[in-house]
Amino acid sequence: MKNVKILGSGCKRCMDTAAMAEAEAEKLGLAIELEKVTDYADIASYGIAATPGVVVDGKVVHAGGLPRPEDMARWLKD
Amino acid sequence: MTATPATRRPPSTALALAGLGLALVLWVAIYGQLQGTAYYVVSLLPLAEGSHAQEALRFFFYDVPKVLMLLTLVVFAMGVVRSFFSPDKTRALLSGRHEGLGNMLAAGLGVFTPFCSCSAVPLFVGFVSAGVPLGVTFSFLIAAPMVNEVALGLLFALLGWKVALTYLGFGLAVAIIAGWVIGQLHLEGWLEEWVRKVRSGTAVVPDETVTLMDRLQAGWTAVTDIVGRVWLWVILGIAIGALIHGYVPADALAAIMGREAWWSVPAAVLLGVPMYSNAAGIMPVVEALLGKGAALGTVLAFMMSVIALSLPEMIILRKVLSRKLIAVFVGVVASGIIAVGFLFNALFN
């Protein structure tokens, strides 16, 4: 099961990103473990400069702005 | 769950460009008719020729569509341009830069890098921990909100491109100099403890392929986002501005907001600090004040203060900066803005 972390302090875009991850996982029929990282120090430890960030299995795949749904699906699949 | 049918393809780029071209032609055609239409609409009302009410209504019916149309155009263009930039790329360009040139680069990038105040803390920490000097980071953080598309778009719509360009130039100058000064003070020790401890390195985010279609989409998202958020304030501001235009005698404000009243510049800056979300509504009012004898430098200083020195942003930044550092930040930026106000009033008679 993939571990997906959404990095962001709880702004609207961050919540939209988390919802997108859930929706795409459901579409693909994948079970994921979704985690929201909201603590600033924790977010900073991933080395990104803009939120929301997306981390799949410990690897940063996206930083800044709402990702595209098709990209999210690709990150969840491979 | 209903999945989208596989046959549905995204609209082609050619189609989108054709649509954009058509929209631009329509835009120009409509824009040219605005004043005539506004005067015609007002002429249908039973108002005496040359009355205060007629003056105010003409102003309102002409300015609302004009300002909203220009704002939409500027926000769209800026949204497309910004899709070429990202905070990560900007950080890579700035890390390890020397002060001076670094401050200039940071202020310039601040204008074009997509930035939202909810991202200010991660951005600040991400910059500083990646070796962007503190003063350079501040130049970015001052320029990014101050020289934004709403401010530029509204200034352009209400006061013309010369004032908009002047605002851009002076805004960059304040960001460069204030950031440089903060850098010279070597206040790294005044950051919050946890910020100094972050040693993260920089994540390498794989490039996502961005098509022309995505960029146009980004422009449109910016329009629905930003214009959707501020349009009501703009209309409200223009309504108040229209009343001022119609009913306040010319030069009524020369004594308190004119060039002669030297104290009006610092007073305008002080007044601007608590005002934040209404920046979009304040500008049309300010434009009306200009017509009644207020000095342009005073008015520009007020706008800069409203946008660059906001209480909500300071509360957000308090998470990374000590109280002392916030005080220095506010002091340096406010001095810069006051200097701009005085300079402008002295230069443009």
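Two strands count as paired if DSSP finds at least two bridges between them; helices (H or I, at least four residues) and strands (E, at least two) are DSSP runs, numbered from the N terminus. The model is predicted: local features need pLDDT of at least 70, side-chain atom pairs count only at pLDDT 80 or more, and totals for chains, interfaces and linings use all residues. Residues are numbered from 1 along each chain as its sequence is written, and chains are lettered from A and ligands numbered from 1 in the order in which they are written.

**View 1. Strands E1, E3 and E4 of chain A.** E3(A) (residues 53-56) pairs with E1(A) (residues 2-7) in the antiparallel sense over 4 bridges. E3(A) also pairs with E4(A) (residues 59-63), antiparallel, over 4 bridges. Gly53(A) stands opposite Leu7(A) and opposite Ala63(A) in E4(A). The E3(A)-E4(A) hairpin has 2 residues between its strands, and Asp57(A) in the turn has a positive phi of about 45 degrees.

**View 2. Helix H1 of chain B.** H1(B) covers residues 13-43; at 1.5 Å a residue its 31 residues should span 45 Å, and the end C-alpha atoms are 44 Å apart, which agrees. The expected span is 1.5 Å times one less than the number of residues. A kink of about 45 degrees is centred on Leu34(B), the bend being the angle between axes fitted to the seven residues ending at a residue and the seven starting there.

**View 3. Contact between chains A and B.** The contact takes 22 residues from chain A and 26 from chain B, with C-beta atoms, placed from the backbone, within 7 Å. On the chain B side, H5(B) gives the largest share, 7 residues.

Key:
Contact = placed C-beta atoms within 7 Å.
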